[in-house]
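Please look over the sequence and the model below before reading on.

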Amino acid sequence: MEALILSCSTGGGHNVAGQAITDELNLRGWKTHFFDPYTLLSQKTADRVGDSYVSLVRFSPALFGDVYKLGELYLKAEKAFGLPDPVLAVQAHTAKALYAWLQANPVDIVICTQPYPGLMLTWLARHGYPVPPSIMVPTDYTCIPFECDVNTTWMTLPYPALADEFHAEGVACSWLIPTGIPINPVFSRPLSRQQAAQNLGLDASKRYILIGGGSMGTNGIYSILKELVPLLESQEDLEALVLCASNQGLEEQITRARQPHVHPLGFTHQMVDYLHLCSVYITKPGGLSITEASACSTPLLLANPIPGCESANAEFFEHHNLALYARSSADIRPMTEKLLARPLEGSSKPSWFADNTKRLADWVECAVMLNEKIPASPAQSSAASFKND
């Protein structure tokens, strides 16, 4: 069996999810293709699309939040007045390139981990181009603007409790598959805290607060550390580990501060060890980050969300008792102390998150085997009426 997995670099989570399902299908003997469809036009085009998003989020998250709200308002107007989807319209050129690729490389199913490729498939189906069965895989715990305009054969649910929200946004209940956000299976495997400490060369007798978010920026990290330092100084067995990733400036600033209980970490391939080791993980609520942590049953404190999808992620996890949500710097210390004393009950239930990737791969295999019985999606069934557009 053969699958095409499509993603875009508008945030790393889409690619991580795409790679997770690609790896799982490869282990099952599938032939897979995984790429950004904009590369069918040129690598420069793909980079421009990804870089424009990353730059907006990194340098002006407030502006990104405004754009996100504008998208939500337009979506309401689109439903109320029958307005066209502007994001769908701009996919036409790339959609045709994708169709040419599919003609030369037939596959059994297409899996999209970012809405743009899903909208490309939607455009093709609406304009009379035959497309394979397809699945849209959202990577946030909310239905983001224009995601509901994706008319793939199915759409996955990041969490079962989101069914009503996705349905209210216009996604037919018959399309929704409660599989969760796919993550690397390594996060789902049992690992003792002692073994994690040994893997990292750290002292298992100490307690660790892990702080994630090199991408949150220096100000975000330092506002967290400022609140935590008195707590760290009052408890000799408590230390903070700061994931600086590629942010060398942040790593150097923390080193120069010479706080004995605060340790900067560079880029790491041992994230699963840190998640199993730490007593609390403080991070901005990216969809993949919090899914990986939840699969490891790591107590979560969410802070500094990017306005829009990440603030919705934080609110969803808070509402379902899966995390605490610090809405201000003043919340950091008391919420950290609360999690150190007693982790949330919901955060200790890994069964849903741990099986996400396997659950999705099982569904994909069933979908292909039952291909002849798959009902056409609304986009596909209405294709004839658009054929001459």
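How many salt bridges does a search of the whole structure find? The search finds 10, where a salt bridge is a side-chain nitrogen of Lys or Arg within 4 Å of a carboxyl oxygen of Asp or Glu. The model is predicted, so local features need pLDDT of at least 70 and side-chain atom pairs count only at pLDDT 80 or more, whereas totals for chains, interfaces and linings use all residues. Residues are numbered from 1 along each chain as its sequence is written, and side-chain values use heavy atoms, with hydrogens and water left out.

One of these salt bridges is formed by arginine 28 and aspartate 362, whose closest N and O atoms are 2.7 Å apart. The pair links distant parts of the chain, since arginine 28 lies in the loop between α1 and β2 and aspartate 362 lies in helix α16, 334 residues apart; helices (H or I, at least four residues) and strands (E, at least two) are DSSP runs, numbered from the N terminus. Arginine 28 is partly exposed at a relative accessible area of 26%, and aspartate 362 is partly exposed at 29%, where buried means under 20% relative accessible area, exposed over 50%, and partly exposed in between (1.4 Å probe, protein chains only). Both residues belong to a network of salt bridges that links Glu24, Arg28, Lys358, Asp362 and Glu365.

A further salt bridge joins the side chains of glutamate 310 and lysine 284 (2.7 Å, N to O). Here glutamate 310 sits in helix α13 (residues 309-319) and lysine 284 in the loop between β10 (280-283) and α12 (287-295), 26 residues apart, and both glutamate 310 and lysine 284 are buried. Glutamate 318 forms a salt bridge with arginine 327, with 2.8 Å between the closest N and O atoms, and glutamate 318 is partly exposed, at a relative accessible area of 30%.

Turning to the sheets, the protein chain has 18 helices and 12 strands. Six strands form an open sheet with parallel pairing, in the order β2-β1-β3-β4-β5-β6, where two strands pair if DSSP finds at least two bridges between them. At its edges stand β2 (31-35) and β6 (176-177), each of which pairs on one side only. Strand β1 (residues 2-6) pairs with β2 in the parallel sense over five bridges, and the bridge partner of leucine 6 in β2 is phenylalanine 35. Helix α1 (residues 12-27) packs on this sheet, touching β1, β2 and β3 (109-112), and its direction makes about 170° with that of β2; contact means heavy atoms within 4.5 Å, and the angles, which run from 0 to 180 degrees, are taken between N-to-C directions of axes fitted to C-alpha atoms, for helices over the stretch in contact.

Another open sheet of six strands has the order β9-β8-β7-β10-β11-β12, again with parallel pairing. Its edge strands, β9 (262-266) and β12 (324-325), each have a single partner strand, so one side of each is left without a neighbour in the sheet. Strand β7 (residues 207-212) is joined to the parallel strand β8 (residues 238-245) by six bridges, and leucine 210 has leucine 241 as its bridge partner in β8.

Over the whole protein chain, buried residues make up 52% of the 389 residues. Among contacts between residues at least 6 apart in sequence, 67% join residues at least 24 apart.
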